[in-house]
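Below is a colleague's note, arranged as numbered points. Please read it alongside the sequence and the coordinates.

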Amino acid sequence: MAITISDFIKGYVGFDITEAALASIYFKRGVTAGVDASTLTEQTLMLCVADAFRWGATLPSGGKRVEDADAGWKHAETGYTVSAADKAEWRKMANEIYTKYGEGNISFGFTIHAY
């Protein structure tokens, strides 16, 4: 069974990722969108996954709810909430992959130095 790189990444990370984010990841890694994941090296696959975790760590923490109504018809969609713990875990997972393949770790935030 063939699986595309997009489906591999989406299935691996477990959160929604935009097509624009995927396109940026593919560009950075030199991957063609829609390529069969089995044709890529494990290193390329996992670095794409790490980049997706990195992107996920930048998601806003709030959720959203969208409601539509018209003449007795009503529809509502609820988004999901991303917690600080989720983001920290995704950064950790991305950093483990980056370290394994010799790429620099990511960090978000700042360091205070006392003088």
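1. Basis. This is a predicted model, in which local features need pLDDT of at least 70 and side-chain atom pairs count only at pLDDT 80 or more, whereas totals for chains, interfaces and linings use all residues. Residues are numbered from 1 along each chain as its sequence is written, and side-chain values use heavy atoms, with hydrogens and water left out.

2. The structure holds 6 salt bridges, a salt bridge being a side-chain nitrogen of Lys or Arg within 4 Å of a carboxyl oxygen of Asp or Glu. One of them joins K28 to D51, with the closest N and O atoms 3.6 Å apart. Since K28 lies in helix α2 (residues 19-29) and D51 in helix α3 (residues 42-56), this pair ties together parts that are 23 residues apart in sequence; helices here are DSSP runs of H or I with at least four residues, numbered from the N terminus. K28 is partly exposed at a relative accessible area of 49%, while D51, at 6%, counts as buried; buried means under 20% relative accessible area, exposed over 50% and partly exposed in between, with a 1.4 Å probe and protein chains only.

3. K92 and E96 meet in a salt bridge at 3.3 Å from N to O, and, being 4 residues apart in helix α4, they are separated by about one helical turn. K92 is partly exposed at 45%, and E96 is partly exposed at 44%. Elsewhere, salt bridges that share partners join K28, R29, D51 and E103 into one network.

4. Aromatic rings. A search of the whole structure finds 4 aromatic pairs, where rings of Phe, Tyr and Trp (its six-membered ring) pair if their centres lie within 6.5 Å, and planes under 30 degrees apart count as stacked, over 60 as edge-to-face and the rest as tilted. The rings of F8 and Y12 have centres 5.7 Å apart and planes at 35 degrees, so this pair is tilted. F8 and Y12 both lie in helix α1 (residues 5-13), 4 residues apart, or about one turn of the helix, and Y12 is partly exposed at 43%. Ring pairs also link F15, F53, W55 and W90 into a cluster.

5. Helix α3. What span does α3 reach from its first C-alpha to its last? With 15 residues it reaches 21 Å, close to the 21 Å expected at 1.5 Å a residue, the expected span being 1.5 Å times one less than the number of residues. Its buried residues include L45, L47, V49, D51 and F53, and what covers the buried residues of α3 includes α1, α2 and α4.

6. S6. Leaving aside neighbours within four places in sequence, S6 is in contact (heavy atoms within 4.5 Å) with L22 and Y26.

Conventions: Helices (H or I, at least four residues) and strands (E, at least two) are DSSP runs, numbered from the N terminus.
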